[in-house]
Each structure stands twice: as structure tokens, then as C-alpha cells.
Amino acid sequence: MFLLMRSFVGCKIPSIAMRVGVCAGARGACGSAVRKLGSSRNCGERSLLTWGNQPRANNFNLTPMVGSTMRIPFTIRSLSTSNVLKHGGFEWEDPKSEDDVVNITYVTRDNERIAVRGKVGDNVLYLAHRYGVDLEGACEASLACSTCHVYVSHPYFDSLDEPSEDEEDMLDLAALLEENSRLGCQIVLSKELDGMELQLPKYTRNFYVDGHVPQPH
């Protein structure tokens, strides 16, 4: 297959087309892999040409060939695409079996109880977004704010992994801090947490960006 072109990349030759034919025979039969046609000025470009399966670099000048075309052999490769998962997309998938189910309850600032059927591996912050719980998470789990602050019910609080130093730094800035405070974005569900309750504080303090409320996406 050949590609017809009206210009040559790298050469400043306005509105001039050229023809370059790639020799299909042995080099000795034609003496050159490329017929050198070009511009009225020295292009000075170093072009990479192909001789058989081996790349070959050539320096050449171009002389104008008005009205002619450049014929370059090329191969068309097909491209494939994959589905893009939205942020927190794992939490939007239902449990694949009952063995994966983890039931938890969010308690809102107005003391409304929202029972949620989560699964092993779910992040508490993104799971809240799926079910419309107003757990903000302004920094989107980058440990740059404390707006996903929750109170974890006992005895489940003791079943959680120890908080990282970055999480503790953010909790130090959280409003209404309690001994059972954790950041929701750092809690990943396991079977040991089945039955856990997460109470949202009456308000949070947003050090990340004033007024920004992220939307599930």
C-alpha cells in the first residue's frame, strides 16, 4: 500500500510535492534505495530510510518536482481500546458471592441510618458515594484533607489497621476529633468489619480547597 503526500516533513518547501520511489530489488540493481528528488535549497535533513528490513540513514538534497507526488510504502496497524473505569469504580460493582458481602451502616449528621451491602475490598469513602452518603472526601483520597472523617463503632475500631503517619497528621486537623476517629478513605472493608457502623461528625473542616465538594464520577 502507498501513501500519497503533498509535502516532505522537515524541508521548508512550500507548495512543492516530490516523488520518492523505494527500490524493491537488490541494491546493486538500482544503485540506491531512494531516487533523490528534492528542493532548490539544501534541506540538510538526515532522514531514516528503510532498505529491506534494516533502517538506513541517508543524507540527500532535494530538487523541485512540481506536480509530482511522494509515494511511501506503509503498514496499517489496528488499534484496540479498553473500557475506562471511573474513579472508585470497584465500589460500584456488586459482590460476586455471598462470601464477599460486608454489611455496614452509615449514620449521617442527621442521625439517619443508611444500611449498605458492601463487599471485601471496598473503600468506605467511595462506597458512601455510591449510596449517596454525604461523606465529602474533598481531596479524593490523597490524604490532603480530613473531610471524610468518621467515627468507627467498637469493637470494629480495634480491627482496623493502624493509621499511617499521613492519616494521623490529617486527623490532627479534623474538627470534633474523638478516640475512634478515622478517615473513611483509609478504611478498606474485610469480613471482620461486617456489621460496622460509621458515624459522620456534625461538621468537617476543609483545608484542601474552600467550598469544593467532589461529585462521584
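These exercises with worked solutions concern a predicted model.

**Exercise 1. The largest nonpolar core**

Find which residues touch the most other members of the largest nonpolar core, and which element gives the most to this core.

Solution. 
- Start with the core itself, which has 28 residues.
- Ile 104, Tyr 106, Val 152, Ile 187, Met 196 and Leu 198 touch the most other members.
- Next, list the elements that give two or more residues: strand 5 (101-107), strand 6 (113-119), helix 2 (124-130), strand 7 (149-152) and helix 3 (165-172).
- Helix 2 gives the most, with five residues.
- As background, nonpolar side chains in soluble globular proteins tend to be buried together.

**Exercise 2. Ala 128**

Decide whether Ala 128 is buried or exposed, and state how far it lies from Gly 184 in sequence and in space.

Solution. 
- Read its relative accessibility, which is 0%.
- Buried means under 20%, so Ala 128 counts as buried.
- Now take the pair. Ala 128 and Gly 184 are separated by 56 residues in sequence.
- In space, their C-alpha atoms are 9.1 Å apart.

**Exercise 3. The second largest pocket**

Determine which residues line the second largest pocket and how the lining divides by residue type.

Solution. 
- The space in this pocket is about 170 Å³.
- Its lining consists of Ser 159, Leu 160, Asp 161, Arg 182, Gln 186, Ile 187, Val 188, Ser 190, Glu 192 and Leu 193.
- Sort them by type: four are nonpolar, three polar and three charged.

**Exercise 4. Backbone in the loops**

Locate the cis peptide bond and two residues other than glycine with positive phi.

Solution. 
- The cis bond runs from His 154 to Pro 155, with omega near 5°.
- Pro 155 belongs to the loop between strand 7 and helix 3.
- Asn 111 has phi near 65°. It sits in the loop between strand 5 and strand 6.
- Leu 176 has phi of about 55°. Its loop joins helix 3 and strand 8 (181-183).
- Leu 176 counts as partly exposed, because its relative accessibility is 35%.

**Exercise 5. Aromatic rings**

State how many aromatic pairs the structure holds, and what sits over the ring of Phe 90.

Solution. 
- Count the aromatic pairs: there are zero.
- Turn to Phe 90. The charged end of Lys 119 sits over its ring.
- The distance to the ring centre is 4.1 Å.

Conventions:
Residues are numbered from 1 along each chain as its sequence is written. This is a predicted model: local features need pLDDT of at least 70, side-chain atom pairs count only at pLDDT 80 or more; totals for chains, interfaces and linings use all residues. Side-chain values use heavy atoms; hydrogens and water are left out. Rings of Phe, Tyr and Trp (its six-membered ring) pair if their centres lie within 6.5 Å; planes under 30 degrees apart count as stacked, over 60 as edge-to-face and the rest as tilted. A charge sits over a ring if NZ of Lys or CZ of Arg is within 6 Å of the ring centre and within 35 degrees of the ring normal. On a 1 Å grid over the protein atoms alone, a cavity is a set of points where a 1.4 Å probe fits but cannot get out, and a pocket is an open set with protein on both sides within 12 Å along at least five of seven lines; lining residues have an atom within 4 Å of a point. Grid points are joined across faces, edges and corners, and a volume is the space filled by probe spheres set on the points. Ala, Val, Leu, Ile, Met, Phe, Trp, Tyr, Cys and Pro count as nonpolar, Asp, Glu, Lys and Arg as charged, and the others, Gly among them, as polar. A nonpolar core is a set of buried Ala, Val, Leu, Ile, Met, Phe, Trp, Tyr and Cys residues joined through side-chain atoms within 4.5 Å. Buried means under 20% relative accessible area, exposed over 50%, partly exposed in between (1.4 Å probe, protein chains only). Helices (H or I, at least four residues) and strands (E, at least two) are DSSP runs, numbered from the N terminus.
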